[in-house]
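Q: I am new to this structure and would like to learn how to read its helices and a few of its residues. Could you take me through it step by step?

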Amino acid sequence: MYNFSGVVGLSTAIRIQEKGGYRVTIVAETFPTDSKTIRYTSHWAGAHHVSSAFDDKRQREMDKETFETMWRDSEHGGPLHGCFLRYNHSEYRSDGVDPTEWLDYMPEFRPIPNDELVPGATRGWTFTTFTLYPPAYLNWLSDRFLTNGGTMVHAQLQHVSQAMHGGISGLPEKPDAIVACIGLGARFLGGIEDKKVYPIRGQTITLNAPWVKYGRTLSGADGSYFYLMPRVTGDVLVGGIRVADDWFPVPREQDRDYVLAGVLAICPELAPPEIRARRMPTIDDLRPLIVEEGCGLRPGRLGGIRLETEWFEAGPQSEIPVVYNYGHAGMGFQSSWGSASIALGLLEEALANGKP
C-alpha cells in the first residue's frame, strides 16, 4: 500500500511493484493528469540531472543510480520518445566548490578553460546530461504503474491511520505496509507531522528559445544560483529562486526580473539572434519569449531525505510498518530511482523480519 504520486512516489511504487509479489495502491490528492497546482511540485520541476550531492555518500549513490536508469531511458529509440533531451551542460561556480567528486561519472566530463568562463565564474566544468519534460515523464510513470496492475485512489488523507484501517474507499481494509512518499505533506499529515520538513520556494520561466541547445548553471559566492536548460519541446526553462520557508504560491514580478537578469548574464544567446546582431540584449528582449511562469515548493528537510521505517499500532496486538521516503528538496527527479531502491529494501526487511 502506498501514498502520494509525485516523481518519488511513482518511482517507488513501480520499484516495489516490479520486484514482484506485491499489490500496490497509490493514494494521492493530485495525480499527473490533474491541472497544475502549487500542491504538486513535480509538475514545476526543471528536471535536468546535475547532482549536487556534495559529501553525502548516500545522496551520491542515489543520484548515480537514477542517472544510469534515466540515461538508458533517454537513448534514441527508447521507451520515452518526446520526453528526454540529451545536451551539453556547463557548470560554472564562483563559490569555491569543486563538484568533480560527485559529477565525474557524467559522460564527457572535463574542466572548462579559464578563457571560456562566463562572467562571474571562477571555475567551470562541462559534461553531457539530459533534461526530461515532467508532464510527459510523470504520465509515462503513471501508465507504466497502471499497466502493471497497480491501482490509484484519489483521496486526501488527514491522518496516516486512515490508510491503515481502510478509511478510504478503494483501499484494502488492512494493508501489510505503507510507504509514505509524501513530500511537503509530511509536515502536516496526522501521525507523522515532521516539523523538520519545510518549503524551499522556486520560480521558473519557460522561454520559447529553440536556438539554445545547451544548458548552464552558475553558483555564486553570494549564494545565488541561476540555471537554464533546454527541453525536448524546443523551449528553455530558466530559474534561480530557492528561498527556504517561503510559502508564496504564485510567481512574483521581482523574482521574474531577477531570474531573467541572472540567466541573461550567463547566456546572452537567450535573446533572439536578430536582436543580438544589432545590440546588447536586455531582459525586455526576453519578455516576449515567455511561454509559462510557475512556482513550486520543494520539500526540504533538516537532516536530508528521510529513509527509514516506523511501526504503528494498527489494532489489538497488530502493528504495521510505515516506510518513509520524503524530504528530497530539489533533488526529487535526480534521486528518484535511487531512493526508491532504498525504500524497497526497507520494506522487504520490515516484512521479512517484523518489528525489531
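Predicted model: local features only at pLDDT ≥ 70, side-chain atom pairs only at ≥ 80, totals over all residues.

Q: Which hand does the crossing of α1 and α4 have?

A: α1 passes α4 in a left-handed crossing. The two helices, α1 at residues 7-19 and α4 at residues 134-147, pack at an angle of about 30°, and their axes lie 10 Å apart. Angles under 35 degrees count as roughly parallel, so α1 is roughly parallel to α4.

Q: Which residues bring α1 and α4 together?

A: From α1 come Val 7, Leu 10, Ser 11, Ala 13, Ile 14, Gln 17 and Glu 18, and they meet Tyr 137, Leu 138, Leu 141, Ser 142, Arg 144 and Phe 145 of α4. By class, this contact of α1 with α4 has eight nonpolar, three polar and two charged residues.

Q: How does α1 pack with α8?

A: α1 and α8, the helix at residues 332-353, pack at an angle of about 45° with their axes 8 Å apart. That makes α1 oblique to α8. The crossing of this pair is right-handed. Among the residues making the contact are Val 8, Thr 12 and Arg 15 of α1, and Trp 337, Ala 340 and Leu 344 of α8. Sorted by class, the contact of α1 with α8 holds ten nonpolar, six polar and three charged residues.

Q: Is α1 mostly covered or mostly open?

A: Mostly covered: ten of the 13 residues of α1 are buried. The buried ones include Gly 9, Leu 10 and Ile 16. For its length, α1 reaches 18 Å from its first C-alpha to its last, close to the 18 Å expected at 1.5 Å a residue.

Q: What angle do α2 and α8 make?

A: Here the angle is about 105°, with the axes 6 Å apart. That makes α2 roughly perpendicular to α8. In this contact, residues of α2 including Arg 58, Gln 59 and Met 62 meet residues of α8 including Phe 333, Ser 335 and Ile 342. The contact of α2 with α8 divides into five nonpolar, nine polar and three charged residues.

Q: Is Gln 59 buried or exposed?

A: A residue counts as buried under 20% relative accessible area, and Gln 59 has 4%, so Gln 59 is buried. Gln 59 belongs to α2, which covers residues 57-73. Beyond its neighbours within four places in sequence, Gln 59 is in contact with Ala 53, Ile 305, Met 331 and Ser 335.

Q: What can phi tell me about a residue?

A: Most residues other than glycine have a negative phi. Glu 108 has a positive value, near 60°. Glu 108 lies in the loop between α3 (100-103) and β4 (110-111) and is exposed, with a relative accessible area of 64%. Ala 329 also has a positive phi, near 55°, and sits in the loop between β15 (318-326) and α8. At 21% relative accessibility, Ala 329 counts as partly exposed.

Q: Where is Gly 20, and what is its phi?

A: Gly 20 follows α1 and has a positive phi, near 95°.

Key. Residues numbered from 1 in each chain as written. Heavy atoms only, no water. Axes fitted to C-alpha atoms, helices over the stretch in contact; angles between N-to-C directions. Helix = DSSP H or I, 4+ residues; strand = E, 2+ residues; numbered from the N terminus. Parallel < 35°, antiparallel > 145°, perpendicular 65-115°, else oblique. Left-handed = near helix turned anticlockwise from the far one by under 90°. Contact = heavy atoms within 4.5 Å. Nonpolar A, V, L, I, M, F, W, Y, C, P; charged D, E, K, R; others polar. Buried < 20%, exposed > 50% of the residue type's maximum accessible area, 1.4 Å probe, protein only. Expected span 1.5 Å × (residues − 1).
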